[in-house]
Amino acid sequence: MGSGTVVITGASAGLGAEMARQFAARGWDLALCARRTDRLDALAAEIRERTGRRVETAALDVTDADAVPAVFRRFDEAFGGLDRVVVNAGLGKGAPLGTGRADANRETAMTNFVGALAQCEAALEVFRRQQRGHLVLVSSMSALRGMRRSMTTYAATKAGVAALAEGLRSERIPGVDVSVVYPGYIRSEMNEHVQQATRFMVDTETGVRAMVRAIEARKAKAYVPAWPWVPIGVAMRVLPLSVVRKLS
């Protein structure tokens, strides 16, 4: 079971909200942030009542370069230190490049990569000072190869997130562990509009349980759930693009 404080961004819904529930059930106190504070505060009240854990919340748009370090510092001061930061906030918007929806692709790029960079900066300021901490970046199985059409920008941002994690892990910052999690098809608000049956899709609770187990084990990288994504991940790196394109 865990102990300490975990920060989760994008925690008002989907994978972030379920991670909050599961970390609290494992004994963690929570620092939750998201753009939508009404849902965030309702989640915090639910978790406090169910688990008795301490939960603090803050409004945060991760594309606001000044707000990210300010919110992280506020959490650090409130809890007297931070033990884990989960860089989770993300968008799934996208369109084929050159089709008039550059705005959607830019918004996804700013949230998923530039926002992740800001969160890493803010988290590592805290971790370097206290000489301990666990930085967790949520990537995606789509990061392993380039994806087509509406997935192109999303997959590229998640590849960037994974590269950030690897670079930081290579730095070997004293006392700091870095993990990257690659979720497969986990049902969430980001993909609830997908009506067709998707092979290997698991429900939110099941998928997040696999994510949380990997995070608690401080794995350097984890494809989750392990079945079927570990073998698929191995295959994706070597399969010809003509096969990979069917996954997007």
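1. A salt bridge here is a side-chain nitrogen of Lys or Arg within 4 Å of a carboxyl oxygen of Asp or Glu. Asp 177 and Arg 218 meet that rule, at 2.7 Å from N to O. Asp 177 sits in strand 6 (residues 176-183) and Arg 218 in the loop between helix 6 (204-216) and strand 7 (221-224), so the pair ties together parts 41 residues apart in sequence. Asp 177 is partly exposed, at 33% relative accessible area. Arg 218 is partly exposed too, at 36%. Buried means under 20% relative accessible area, exposed over 50%, and partly exposed in between (1.4 Å probe, protein chains only).

2. A word on the basis. This is a predicted model, in which local features need pLDDT of at least 70 and side-chain atom pairs count only at pLDDT 80 or more, while totals for chains, interfaces and linings use all residues. Residues are numbered from 1 along each chain as its sequence is written, and side-chain values use heavy atoms, leaving out hydrogens and water.

3. The protein chain has eight helices and seven strands. Helices (H or I, at least four residues) and strands (E, at least two) are DSSP runs, numbered from the N terminus. Of the 248 residues, 49% are buried. Take contacts (heavy atoms within 4.5 Å) between residues at least 6 apart in sequence: 70% join residues at least 24 apart.

4. The structure holds 14 salt bridges. One of them pairs Asp 29 with Arg 53, with the closest N and O atoms 3.1 Å apart. Asp 29 is in strand 2 (residues 29-34), and Arg 53 is in the loop between helix 2 (37-51) and strand 3 (55-59), 24 residues apart. Asp 29 is buried, at 16% relative accessibility. Arg 53 is partly exposed, at 27%.

5. Glu 18 and Arg 21 form a salt bridge at 3.4 Å, N to O. Both lie in helix 1 (residues 14-25), three residues apart, so about one helical turn separates them. Glu 18 counts as buried because its relative accessibility is 12%. Arg 21 is partly exposed, at 26%. Salt bridges that share partners join Glu 18, Arg 21, Glu 46 and Arg 50 into one network.

6. Which residues gather in a patch of positive charge on the surface? They are Arg 148, Arg 149, Arg 245 and Lys 246. Such patches take residues with over 30% relative accessible area and no salt bridge, with like charges joined within 9 Å. Arg 148 is in the loop between strand 5 (133-138) and helix 5 (152-171). Arg 148 is partly exposed, at 32% relative accessibility.

Note on methods
Patch = residues over 30% accessible without salt bridge, like charges linked within 9 Å, V, L, I, M, F, W, Y side chains within 5 Å. Areas by Shrake-Rupley, 256 points an atom, 1.4 Å probe, with all protein chains shown as cover. Lys, Arg positive; Asp, Glu negative; His and termini not counted. Charge placed at Lys NZ, Arg CZ, Asp CG, Glu CD.
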